[in-house]
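Dear colleague,

Please find the structure below, handed over for your files. My notes on it follow, and I would be grateful if you would read them with the model open.

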Amino acid sequence: MTITGKADETFSVRFIDQGSTVLLELTNECNQTLKSVEILTVFLKDEETVGGGPSQAHIKFETLKSIQPKERAVLSHQTWINGKPSDLTQDQLARLKVVAGEVKPYVLDISWEDAEGKSRFQRLSVGH
């Protein structure tokens, strides 16, 4: 099963189920090479504290040096829990998948440098 979140902008994202692992695929939808592509760290809401609490888990993504026009890249990521890298059994990326009819409580903040060297930004709503 694959769930896609798409904006009419520079990037689109897709979450890919690979058995028990979820991967994030980023696609450059424009016609220029983009450099220094980064998704900012996503801090997840605490699910254990009634009423919520300070974030105990967050997801960090790798930075891409560049991505060609219409190219797709699967980004590696690491879930951190209480300040320490977690193992694969505690991976939290699935919480960012979009579920039809559910509120999207998280965003992917993506920054990059365009062909003219200008910094750009895009925000995509995700999660469930």
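Is Ser12 buried or exposed? Ser12 is buried, because its relative accessible area is 6%, where buried means under 20% relative accessible area, exposed over 50% and partly exposed in between, with a 1.4 Å probe and protein chains only. Ser12 has its place in strand E2, residues 11-18. Its side chain is joined to that of Glu29 by a polar contact of 2.6 Å. A polar contact is a pair of N or O atoms within 3.5 Å; within protein, one must be able to donate a hydrogen and the other to accept it, and residues adjacent in sequence count only if both atoms are side-chain atoms.

Some conventions apply throughout. This is a predicted model, in which local features need pLDDT of at least 70 and side-chain atom pairs count only at pLDDT 80 or more, while totals for chains, interfaces and linings use all residues. Residues are numbered from 1 along each chain as its sequence is written, and side-chain values use heavy atoms, with hydrogens and water left out.

Overall fold

The protein chain has 0 helices and 12 strands; helices (H or I, at least four residues) and strands (E, at least two) are DSSP runs numbered from the N terminus. The radius of gyration of the protein chain is 15 Å, close to the 14 Å that the globule rule gives for 128 residues, so the chain is as compact as a globular protein of that length. That radius is taken over C-alpha atoms, and the globule rule is 2.2 Å times the number of residues to the power 0.38. Along the principal axes, the C-alpha atoms fill a box of roughly 45 × 30 × 25 Å. Of the 128 residues in the protein chain, 38% are buried.

Strand pairing

An open sheet is formed by 4 strands in the order E5-E6-E9-E10, with antiparallel pairing; two strands pair if DSSP finds at least two bridges between them. Its edge strands, E5 (42-44) and E10 (84-85), each pair on one side only. E5 pairs with E6 (residues 57-61) in the antiparallel sense over 3 bridges, and Val42 stands opposite Ile59 in E6.

Strand E11 is joined to strand E12 (residues 119-126) by 8 bridges, and the two run antiparallel. Here Ile110 stands opposite Gln122 in E12. The hairpin of E11 and E12 has 5 residues between the strands, and Gly117 takes a positive phi near 85° in it.

Core and contacts

The largest nonpolar core has 28 residues, and those with the most contacts inside it include Val37, Phe61 and Ile110. Such a core is a set of buried Ala, Val, Leu, Ile, Met, Phe, Trp, Tyr and Cys residues joined through side-chain atoms within 4.5 Å. Strand E11 (residues 106-113) gives the most to this core, with 4 residues. Not counting residues up to four places away in sequence, Val37 touches Phe11, Leu26, Thr63, Leu64, Ile67, Ile110, Ser111 and Trp112; contact means heavy atoms within 4.5 Å.

Cys30 lies in the loop between strand E3 (21-28) and strand E4 (34-39), and counts as buried at 18% relative accessibility. Leaving aside neighbours within four places in sequence, Cys30 is in contact with Thr10, Pro69 and Lys70. Cys30 and Thr10 are 20 residues apart in sequence and 5.5 Å apart in space, C-alpha to C-alpha.

With kind regards
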